[in-house]
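Open the model in your viewer and keep the selection tool ready. Each stop below says what to pick and what is there.

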Amino acid sequence: QTSFANAFAFGQKNNNEISEAEIAKNLYVRAIVDKTKAYKGEQVTVTYKLYTRLNIASQMSVDKLPQYQGFWAEELETARNISFSREVIDGQQYSVGLLKRAALFPNQAGKLEVTPFELTIPIQVQKKKNPNNVWDDFFGDPFGRAEIVEYQAKSNIHKVEVLALPETNKPVSFRGAVGRFDFSASLDKQKTKTNEPINLKFEISGTGNIKLVELPPFELPNGFEKYDPKVDEQIDRGGKISGKKKAEYLL
């Protein structure tokens, strides 16, 4: 009895030794950018995906979020629960889940770096047989028992080359908006009386970092008083950042 217990305990200890290199071949987090060269203010989209051939035992935990130094970052919409699709890479089939997406707008020229996304992922791994333990062959493991391993996964680093905006033929009125935008202005009335208010409405809409788009300055004739505007933003974070910025001035 004592010999059996000792041998079984020895076998269990060796079975629990799981190589991190083996796990890394079958599970990893990958960061993907849609471009590695962009102009200052131009959107760069970074996507984080989990690739796995192993069973994930329970909920993952975030150890360290990526840093976007030199970028203005907007989180893009993703599903609350990760849904997995199938993808074949180098002849191996992986389950692939979307973890996170972000729209990055570089605010300086030069080489900028996106740091890794670090996660702890609990995975279920079948216990390996120990060739030096006779009890493994004799008794086997008919129940297919498994162990939970806490694996620290880290995505790759990306570098983005950011180009300064062209100076040639730059309009004097250019205020840094990069993207495709439409602009309109309207008054709520064409006639009024002294001391009766007029509403001046501006609307900027389009694709680009609408949050950073500045409202254009304007001058009023003598005899008008202008109050601070009421500003409203509607941002679409589905993919390419787009939306509307409305401003209403009381004159």
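Select Glu214 and Arg175. Their side chains form a salt bridge, with the closest N and O atoms 2.6 Å apart. Here a salt bridge is a side-chain nitrogen of Lys or Arg within 4 Å of a carboxyl oxygen of Asp or Glu. The pair links distant parts of the chain, 39 residues apart: Glu214 lies in the loop between E14 and E15, Arg175 in the loop between strand E12 (158-163) and E13. Strands (E, at least two residues) are DSSP runs, numbered from the N terminus. Glu214 is partly exposed at 43% relative accessibility, and Arg175 is partly exposed at 43%. Buried means under 20% relative accessible area, exposed over 50%, and partly exposed in between (1.4 Å probe, protein chains only).

This is a predicted model: local features need pLDDT of at least 70, side-chain atom pairs count only at pLDDT 80 or more, and totals for chains, interfaces and linings use all residues. Residues are numbered from 1 along each chain as its sequence is written, and side-chain values use heavy atoms, leaving out hydrogens and water.

Next, pick Lys245 and Glu233. They meet in a salt bridge of 3.4 Å, N to O. Lys245 sits in strand E16 and Glu233 in strand E15, 12 residues apart. Lys245 is buried at 7% relative accessibility; Glu233 is partly exposed at 31%.

Four strands form an open sheet in the order E13-E14-E16-E15, with antiparallel pairing. Strands E13 (179-187) and E15 (230-236) are at the edges with a single partner strand each, so one side of each has no neighbour in the sheet. Two strands pair if DSSP finds at least two bridges between them. E14 (residues 199-208) and E16 (residues 242-250) pair over nine bridges. To see one of them, select Ser205: its bridge partner in E16 is Lys244.

Move to Glu75 and Lys100. This salt bridge has its closest N and O atoms 2.8 Å apart. It connects strand E6 (residues 71-75), which holds Glu75, to strand E8 (residues 92-106), which holds Lys100. Glu75 is partly exposed at 40%, while Lys100 is buried at 12%. The salt-bridge count comes to seven.

Last stop: Thr120, in strand E10 (residues 118-126). Buried or exposed? Thr120 is buried, with a relative accessible area of 9%.
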